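This report walks through a protein model with two chains in view, one topic at a time. Please keep the sequence and the structure at hand while reading.

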2 protein chains.
Amino acid sequence: MSDSLGSVGLVSTERVVVGTDDDPLVLASGARIAPVEIAYETYGALSPARDNAVFVAHALTGDAHAAGWHEGAHRPGWWDNLIGPGKALDTDRLFVVSANLLGGCSGTTGPSSPNPATGQAYGPDFPLLDMADLVTAHRRLLDHLGIDRLHGAVGGSLGGMQVLEWALQEPERIDRAVLVAASSRLTTENIAFSAVARAAILEDPDFHGGRYAEHGVAPRHGLKVARMMAHITYVSGQSLADKFGHRRDTSGAAKQLAADFEVEHYLQHQGESFLDRFDALSYLHLTRPMDYFDPFGAHPDVVPSTRFRLISFDTDWRFPTAHSLRIRDRLLERGVAVDHTEIASPWGHDSFLLEPPGYHELVRSFLH
Amino acid sequence: MSDSLGSVGLVSTERVVVGTDDDPLVLASGARIAPVEIAYETYGALSPARDNAVFVAHALTGDAHAAGWHEGAHRPGWWDNLIGPGKALDTDRLFVVSANLLGGCSGTTGPSSPNPATGQAYGPDFPLLDMADLVTAHRRLLDHLGIDRLHGAVGGSLGGMQVLEWALQEPERIDRAVLVAASSRLTTENIAFSAVARAAILEDPDFHGGRYAEHGVAPRHGLKVARMMAHITYVSGQSLADKFGHRRDTSGAAKQLAADFEVEHYLQHQGESFLDRFDALSYLHLTRPMDYFDPFGAHPDVVPSTRFRLISFDTDWRFPTAHSLRIRDRLLERGVAVDHTEIASPWGHDSFLLEPPGYHELVRSFLH
């Protein structure tokens, strides 16, 4: 089906300053950050009534480049299968906004940005972020774009968590929210995996207390291991078995301690390639808000006007369907309109980036 | 119930040389090792007919000290709840033998043992082991003890895998085999977790290509992270939730990137304490044989005379019941007597070390 649908074509990432010394971004902790720059992209055109905007919130390691092609790129944006003319987020009708997260490392201000107090990278001096802060930054982007009200907000995984936080933080701003494979409360096991990833980074000798940039190094070993482990939790056991089975690169040759099975080489590649595009402190700062996330506890009396569409995947063992059912139940208790569907998909948590049957149709029908 | 049962009391670990220059241990790869020393313990008395011996095979990080107390120790052997007078492995009737694995680091020859060719620790020159080799070493121990035939062999996790290999390698030597939470073939996901643990160790800058002992260091960072991650796979999500929930040590205080939730401190403790008792190269050498393990493929025509009792646990997601069912089906295809029971237990894979209702009774009734 996708073949008959269009691409948003060539796009580029814009940047805008949304926090200044006169008007810093005030975090939930009380800390202030300025300047704050946000990297973002838009697809489609804002209607004269300014009523067709949909915000797309990216997951842990995403960026502003959700759709279309950057000049000379070898692959399109990370949600290109969802966003474009005729697609579920139909850019013939919708104005789609995608922005890199505060604390990230792909254009928006984060730990690797210069700290105005020193001229060096913030490093360990970057303030700890709350899920609320990720939303606060994007609210300012929408203000800049002159979008008072969102027709929709859509996010998968951490993206869905941001959308939930936003709907509770500004209960009148989002008409329709799509939360895919999201959670309102990590399990203890989720936190445990997150803790191991952070330990791998924090205790890497090249972390240097977070001042690795000043030392001209990076905690590559820890970040690679963190990514390799996390990747396992993003896919289903069945999809790994289907893709790699027990095939070895050295089949017939001597066994060895080093990577031999194809799945090992695959994880090595996932870990290595991640180092080129992601910063270790951003990884710490963007995983931690998930551990502490408890939006229904933080906003106990808020009844958003938003209508919710929740989607989960039957093989997702990072945020299984129980997470979505919990969100549904909390929203129903408050009288909020919400529907949930579990989609059959072989690919585990990462299904939110793919097209298991029925998934994109649910998003399309809910938003149109 | 355990309170009314006895302890085997004070025990100590014995050592015996089972491989010499004249009679080296020949590995499946063709490599030869000598000397080979094995650390072992025994509980109970060998009958005059020498027909009451039960071999206990330890899991990945176990050792020879399965039951009773070492002088001055603060805790008993790792399977003390199963072994003793009146217990499931009743030492009033059975002669129980437990030995540290070849490649281990608790008394049996392994990578940290001196390489006779250099006088230094083997380090990276220790030969790669196959599951068959772990058994080969223990066969020699039994020969030394004058035990031609085992009344039983019992093992959990990697221990159960050894028992299965042994029953296929010597199809007339073991009368009854108990495999608890074992596997005859790792899944791709199992291998993936194993691969991340090994990458954490192999790529730790302090690994020094396996010559860390010569450098006076150890890949502590990598080994700790490997253990923390592995620990998550040994327990159930529900048991983590029941034990730690979302409790924080700094509850009410500022959030932080470093360990804060109790489950994080728990994992930190698991990782740290492991460093005092385990060697990184042993970890590599004892995980790898599991990845390659395929005993039914390696012994295609063997029909052991052994009767099998398989036990799995409903919350074990490292080796779920499907692993045991696979073993059962392969044995049944060969006409081997086998029974399988799934035990309800909240504790995941580690249940094999604990006493969920029904488990020890199954072992007792099968062996007596």
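## Terms and basis

A polar contact is a pair of N or O atoms within 3.5 Å, where within protein one atom must be able to donate a hydrogen and the other to accept it, and where residues adjacent in sequence count only if both atoms are side-chain atoms. This is a predicted model, in which local features need pLDDT of at least 70 and side-chain atom pairs count only at pLDDT 80 or more, while totals for chains, interfaces and linings use all residues. Residues are numbered from 1 along each chain as its sequence is written, chains are lettered from A and ligands numbered from 1 in the order in which they are written, and side-chain values use heavy atoms, with hydrogens and water left out.

## The interface of chains A and B

Across the interface of chain A and chain B there are 29 residue pairs in polar contact, both residues being at pLDDT 80 or more. Among the elements of chain A, helix α3(A) gives the most to the side that touches chain B, with 11 residues (helices are DSSP runs of H or I with at least four residues, strands are runs of E with at least two, and both are numbered from the N terminus). By class, that side of chain A has 27 nonpolar, 11 polar and 13 charged residues, where Ala, Val, Leu, Ile, Met, Phe, Trp, Tyr, Cys and Pro count as nonpolar, Asp, Glu, Lys and Arg as charged, and the others, Gly among them, as polar.

In total, 51 residues of chain A are in contact (heavy atoms within 4.5 Å) with 50 residues of chain B. Eight salt bridges are counted between the two chains, a salt bridge being a side-chain nitrogen of Lys or Arg within 4 Å of a carboxyl oxygen of Asp or Glu. One of them joins the side chains of R198(A) and E264(B), at 2.8 Å from N to O.

## A salt bridge within chain A

Over all chains, the structure holds 38 salt bridges. In one of these, D23(A) pairs with R140(A), and the closest N and O atoms are 3.3 Å apart. Because D23(A) lies in the loop between β1 (14-19) and β2 (25-26) of chain A, whereas R140(A) lies in helix α1 of chain A, the pair ties together parts that are 117 residues apart in sequence.

## Backbone details

Most residues other than glycine have a negative phi, and most peptide bonds are trans. The peptide bond from A34(A) to P35(A), however, is cis, with omega near -5°, and P35(A) lies in the loop between β3 (32-33) and β4 (36-43) of chain A.
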